[in-house]
Amino acid sequence: MQLNQRIEQVKMDAKERLNHVKTLQEFQELKADVLGKKGPFTELLSSMKDLSAQERPAFGQVINQSKAEVLAWFEDKSQQLEQQLVNEALQKEAIDVTLPGKTIRYGSRHLIRQIIEEVEDLFIGMGYEVKEGPEVEIDHYNFEMLNLPKSHPARDMQDSFYITEELLLRTHTSPVQVRTMLENTLQQPVRIICPGKVYRRDDDDQTHSHQFTQIEGLVVDSTATFSDLKGTLLVLAKQLFGEERQIRLRPSYFPFTEPSVEVDVSCYKCGGMGCSMCKQTGWIEILGAGMVNNNVLAAAGYDPQKFQGFAFGVGVERLAILKYGIDDIRNLYTNDLRFNRQFK
Ligand code: PHE
């Protein structure tokens, strides 16, 4: 075969095969085949030894030119392949913005949580700190430090779950008062609000639950008075039941406060005229409170000659029931979503 023809054939063959290349790997294999050391161009160059000395330079040039041409085709192809890969990647990652979105369902805060946070916010605004204590409490803090020694008859007011002789599920959040004062070894003024779960031995029914939630308040300094307590509770009652509400204090008894009061809010349904909600009295009981008993201050290291204060404890479930007319306390912990979703 003529050398000229052979060169043409090598070129055409390379072009033809290059056209069929689909992947980068095929490309690299073909490039090594055609342009590599064992490829047809090497073979062509070595076949020049059969030519005469005059013919050689011209053919050498033709071969080198052809090789350069083929190399250029390979470069084109390589660019094509790269573009193709980019396009494929783009296509794969394409986002169809017209597809309908997946609905993300948000949870919501439980009604009890919502009320706790509402009360917390109110008191934080008045300079209080939020404090928490353990639900498994020692008898000493739950009762004794609160002026309720072992044989005190008022212990019967709060039927307890004992774990051991000395350990029980706290019956109220009042032990957090004790813990906070004891922690405060410098006897600085105290202004705290303490939400949390409490436990009492009760048979669960529409109006009783063995576990419920309280928010405790405690203020201790050198000047806090009974009228400060009254003003504070009025602010709380208005926050929870509306600006028009009034409060009324009735004498009561708690071992840890003296004097003690039971606090009523004017009926938010009838405005105090008397209705079925307030049993025709115009008033609804919402919490217990009083001036911190001197024995409690002294036991916790606060000199009653220098310090005084007030405390209150409010049941959150009771607030929820009153505020939303809930007819069964069990709705507040059985977590029926149909119930819970009403308070989103
Ligand atoms: N700890 C009392 C209770 O659970 C409520 C209370 C707290 C009363 C603080 C007075 C002062 O019944």
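Predicted model: local features only at pLDDT ≥ 70, side-chain atom pairs only at ≥ 80, totals over all residues.
1. Largest core. The largest nonpolar core has 43 residues, and I286, L287 and F312 touch the most other members. At least two residues of this core come from each of these elements: the helices α5 (111–124), α8 (226–241) and α10 (316–324), and the strands β6 (211–221), β8 (257–266), β9 (283–292) and β10 (308–315). The element that gives the most is α5, with seven residues. As general background, nonpolar side chains in soluble globular proteins tend to be buried together.

2. Surroundings of F312. Leaving aside residues up to four places away in sequence, F312 touches F123, I193, I215, E216, G217, L229, T232, L233, L236, L287, G288 and A289. L287, one of these contacts, is also among the residues of the largest core that touch the most other members.

3. Largest pocket. The volume of the largest pocket is about 1,100 Å³. It is lined by 41 residues, of which F212, E285, I286, G315 and R318 are the closest to its centre. I286 also belongs to the largest nonpolar core. Strands β6, β8, β9 and β10 and helix α10 each supply at least two lining residues, and β9 gives the most, with seven. By class, the lining divides into 18 nonpolar, 13 polar and 10 charged residues.

4. Second largest pocket. This pocket holds about 350 Å³ of space. Its lining has 19 residues, and those closest to its centre are I112, I116, K197, Q211 and T213. Two or more lining residues come from each of α5, β5 (190–199) and β6. The lining has seven nonpolar, six polar and six charged residues.

5. Cavity. A search of the whole structure finds one cavity of 30 Å³ or more. About 30 Å³ of space lies in this largest cavity. The residues that line the cavity are L148, A154, M157, Q158, P255 and F256. Five of the lining residues are nonpolar and one is polar, with no charged residues.

6. Three-stranded sheet. An open sheet of three strands has the order β2-β4-β3, and its pairing is antiparallel. Strands β2 (136–138) and β3 (161–162) are the edges, each pairing on one side only. Strand β4 (residues 167–169) runs antiparallel to β3 and is joined to it by two bridges. Y162 has L168 in β4 as its bridge partner.

7. Cis peptide bond. The bond from E258 to P259 is cis, with omega near -5 degrees. P259 lies in strand β8, an element that supplies at least two residues to the lining of the largest pocket.

8. Positive phi at Q187. Q187 is not a glycine, yet its phi is positive, near 50 degrees. It is found in the loop between α7 (175–183) and β5. Q187 counts as partly exposed because its relative accessible area is 27%, between the limits of 20% and 50%.

9. Positive phi at Q280. Another residue other than glycine with a positive phi is Q280, at about 65 degrees. Q280 sits in the loop between β8 and β9. With a relative accessibility of 56%, Q280 counts as exposed.

Definitions and conventions:
Residues numbered from 1 in each chain as written. Heavy atoms only, no water. 1 Å grid on protein atoms, 1.4 Å probe; cavity = no way out; pocket = protein on both sides within 12 Å on 5 of 7 lines; lining within 4 Å. Points joined across faces, edges and corners; volume = space filled by probe spheres on them. Nonpolar A, V, L, I, M, F, W, Y, C, P; charged D, E, K, R; others polar. Core = buried A, V, L, I, M, F, W, Y, C linked by side-chain atoms within 4.5 Å. Buried < 20%, exposed > 50% of the residue type's maximum accessible area, 1.4 Å probe, protein only. Helix = DSSP H or I, 4+ residues; strand = E, 2+ residues; numbered from the N terminus. Contact = heavy atoms within 4.5 Å. Pairing = 2+ DSSP bridges.
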